[in-house]
Amino acid sequence: MTPTATATATAATATAGATATARTTPRVGPVPVLWLTLMATPLAAGANAPVLILPDMARSLGVSASTATWLVASYAWAMAVGTPLLAGLLRRRGLRAALHLAGALLVGGTLLVAASPWLPLTLAGRATQAAGGAGLAAVAMSLAGSARRMGVISAGFGILGASGPLLGAQLSEAVSWRLSLSVSVIAVLAVPMVSRYATAPAAPAAPATRQDRFDARGAALLTALATALVLLPHVPAAALGSAALAATLLALHVRRRPDGFVPAALIRRPLFLGSALLALTLSGTYFTLLFSVPRLLGDRAGWDAATAGTGQLVALLTGSALSWLLAAASARMSRAAVRAVLVGVGASAAVIAVFASWGPLLLVATLGGTFAATGSNAVLSMHAASSAPDVQRPTAIGLFALCYQLGGAFGPAIATALVLSA
């Protein structure tokens, strides 16, 4: 949704009062995409920063390495549930409320991670960080306004996500693993600038009827469903039962409250459903390849870990950068053509990974999976948003992002079942 400007920034005058006014008056035009990218993409680096330093974190906290992996799981969970919740706040209370709360959560969580000597408190800090970062990302996606601008943000996600493990390892070696887990706080630097440039979505008027009030039950049921789905790879039996129960209760609630937290009209739209489900599939494929290909490079091509890691990093960065070309060209392509490209490249990447034994060809599979997933995040998110009326576009973005991020929960589990446990 393209924000509308409401005033021109006043030029600085000789008086201090006029200068202060100029600093707080919103500017004309859309938010520059580089500010949106800075606000959204550190979340990806923060998510992947612990990958290479889990043993160091475990020793510092006095726990096993397997227990320390919950620091990754808690971040993924909070990203998944935080995105639609903060997007709901954006829809109801407007841009400034969403920015301020998300920024406060990110800073508060980072302080907890920096100071906490215990795993439970560190887990709480990581989850709080992720919720705040996810809220800022949801705002940035809502303000992107076009597939081309969204492509810049999505490519940034891919590039920082690919660089996150190496960045985390370097910061941990130079200073501390706690600094590695704090990189996402950089996003708050963009909050004042985004707040100055943008005034939309405007905060709605105070609710006048019961139907207009915040749908707390719908939000709670969606959170329960997302939580169960994120935990599915870790505790399959309990999570599957919980997910089925939460989905049933949520469906019944949507029928009773069709204009609530999960709008019935939105989830019934084929364009929204098709975009969200395709993004989930391509995201799951990407994360499966991300965890599988390094092992396949060693088993099939005889590459050592360092060579495999370097090759995969190059493939990830290249695929993320190339996805912007699809986003830039998508305005001149039909929706069917865009989806054909995404499905074709994503399916080809999966087939190559299954049958290839030559190292460079396996890296091509990683590149293709990255391109398809990152491109889907850029282009299909705009398709999903366009299926909703203006007032529901933040909700559409939030629910779409939830589906995309669930791929990050399912992919590693698929990789473990098919490759890593073999």
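This is a predicted model: local features need pLDDT of at least 70, side-chain atom pairs count only at pLDDT 80 or more; totals for chains, interfaces and linings use all residues.
1. Let's start with helix α2 (residues 33-40), where Val-33, Leu-36, Thr-37, Met-39 and Ala-40 are buried. Looking down the axis of α2, you'll find these buried residues within an arc of 165°, so they line one face of the helix.

2. Helix α7 spans residues 95-115 and helix α8 spans residues 119-144. They pack with their axes 7 Å apart, at an angle of about 150°. Anything over 145 degrees counts as roughly antiparallel, and α7 and α8 therefore run roughly antiparallel to each other.

3. On handedness, α7 passes α8 in a left-handed crossing. As for what makes up the contact of α7 with α8, its residues split into 14 nonpolar, 10 polar and 1 charged.

4. Now the chain as a whole. How many helices and strands are there? The chain has 19 helices and 0 strands. It has 422 residues, and 51% of them count as buried.

5. Last, the contact pattern. Taking the contacts in the chain with a separation of 6 or more, 80% come from residues 24 or more positions apart.

Definitions and conventions:
Residues are numbered from 1 along each chain as its sequence is written. Side-chain values use heavy atoms; hydrogens and water are left out. Axes are lines fitted to C-alpha atoms, for helices over the stretch in contact, and angles run from 0 to 180 degrees between N-to-C directions. Helices (H or I, at least four residues) and strands (E, at least two) are DSSP runs, numbered from the N terminus. Angles under 35 degrees count as roughly parallel, over 145 as roughly antiparallel, 65 to 115 as roughly perpendicular and the rest as oblique. A crossing is left-handed if the near helix is turned anticlockwise from the far one by less than a right angle, and right-handed if clockwise. Ala, Val, Leu, Ile, Met, Phe, Trp, Tyr, Cys and Pro count as nonpolar, Asp, Glu, Lys and Arg as charged, and the others, Gly among them, as polar. Buried means under 20% relative accessible area, exposed over 50%, partly exposed in between (1.4 Å probe, protein chains only). The arc is that of the directions from the helix axis to the C-beta atoms. Contact means heavy atoms within 4.5 Å.
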